[in-house]
Amino acid sequence: KKHYSAYHYLQLIKQFNICDKHSTPASKNAYNSRIRMFLDYLGEHKLTNNRYLFLALTNVAAPCENLVVTLTDEEQSLLGEKFADENSSISLRAKAIIQLGLYMGIRRCDIVSLRFNDIDWQNSTISFVQSKTSYGMSLPMPDQVANALYQYIMEERPESECDTVFVQNKAPFESVSSQVC
């Protein structure tokens with residue numbers, strides 16, 4: 001067993017990070033996390049003179065900000081007109097999906113996972129467990145959303161054994177992916 005000093009390993013890591021082709025902090029951190037595990041292994045098996053060398057590599061990436069795009073009042077009004085227009089080219093499925101997101105704030109991953117038993121028509125509510133947070137939600141369903149869902153289910157949704165509300169338009173009639181949203 002040959003032992004290298006902590007300084008030797010730190011110089012190798014520094015050189016790696018300088019030469020690393022990945023430019024974002026998140027991608028560099030992904031590689032450093034693997035190096036950190038390797039250094040932990042070396043220390044655990046006494047292959048380096050410093051058991052805690054792995055702590056020299058931090059596990060911090062620059063914060064990532066995502067912009068949330070919201071519709072203006074004018075854009076919401078235009079959408080409302082499109083929903084009301086019987087001759088609109090928007091499919092009934094698209095109308096129902098858009099309204100679930102717009103008026104109820106349901107995430108796309110939860111919209112495509114929505115099941116028939118999540119909808120309580122009698123009490124006008126939709127209840128489900130959020131995919132992202134694992135929290136149970138029970139939301140009041142506005143009449144326009146209920147009408148859009150009902151219209152899609154009765155007039156456009158193909159017959160399918162699938163228990164999700166939204167299915168593909170062409171066979172096999174399985175659940176849609178979140179890209180549909």
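**Close-up 1. Ala-146 and its contacts.** Leaving aside neighbours within four places in sequence, Ala-146 is in contact with Trp-121 and Met-141, where contact means heavy atoms within 4.5 Å. Ala-146 sits in helix α6; helices here are DSSP runs of H or I with at least four residues, strands are runs of E with at least two, and both are numbered from the N terminus. With 12% relative accessibility, Ala-146 counts as buried. The cut-offs, for a 1.4 Å probe and protein chains only, are under 20% relative accessible area for buried, over 50% for exposed, and partly exposed in between. Gln-122 is 24 residues from Ala-146 in sequence, and their C-alpha atoms are 11 Å apart.

A note for every view: this is a predicted model, so local features need pLDDT of at least 70 and side-chain atom pairs count only at pLDDT 80 or more, while totals for chains, interfaces and linings use all residues. Residues are numbered from 1 along each chain as its sequence is written, and side-chain values use heavy atoms, with hydrogens and water left out.

**Close-up 2. The second largest pocket.** Rolling a probe the size of a water molecule over the atoms shows where empty space is left. A pocket, on a 1 Å grid over the protein atoms alone, is an open set of points where a 1.4 Å probe fits, with protein on both sides within 12 Å along at least five of seven lines; lining residues have an atom within 4 Å of a point. The second largest pocket comes out at a volume of about 200 Å³, which is the space filled by probe spheres set on the points, with grid points joined across faces, edges and corners. Its lining includes Phe-83, Glu-86, Lys-95, Gln-99, Asn-147 and Gln-151. Two or more lining residues come from each of α3 (73-84), α4 (92-104) and α6 (143-156). Helix α6 gives the largest share, four residues. By type, the lining splits into five nonpolar, five polar and two charged residues. For that sorting, Ala, Val, Leu, Ile, Met, Phe, Trp, Tyr, Cys and Pro are nonpolar, Asp, Glu, Lys and Arg are charged, and the others, Gly among them, are polar.

**Close-up 3. Where α3 meets α4.** Two packed helices are described by the angle between their axes and the distance between the axes. For α3 and α4, the angle is about 145° and the axes are 12 Å apart. The axes are lines fitted to C-alpha atoms over the stretch in contact, and angles run from 0 to 180 degrees between N-to-C directions. On the α3 side, look for Gln-76, Leu-79, Lys-82 and Phe-83; they meet Lys-95, Ile-98, Gln-99, Leu-102 and Tyr-103 in α4. The residues of this contact are five nonpolar, two polar and two charged.

Close-up 4. Most residues other than glycine have a negative phi, and most peptide bonds are trans. Lys-46 is not a glycine, yet has a positive phi of about 55°. It lies in the loop between α2 (25-44) and α3 and is exposed, at 61% relative accessible area. Ser-134 is another residue with a positive phi, near 65°. Look for Ser-134 in the loop between β2 (125-129) and β3 (136-140), where it is exposed at 56%. The peptide bond from Ala-171 to Pro-172 is cis, with omega near 0°, and Pro-172 falls in the segment after α6.

Close-up 5. Ser-127 belongs to strand β2 and is partly exposed, at 29% relative accessibility. Apart from neighbours within four places in sequence, Ser-127 is in contact with Asp-118, Met-137 and Ser-138. His-8 is 119 residues from Ser-127 along the chain, and 57 Å separates their C-alpha atoms. Glu-44 is in helix α2 and counts as partly exposed at 47%. Between the C-alpha atoms of Glu-44 and Ile-97, 53 residues apart along the chain, the separation is 53 Å.
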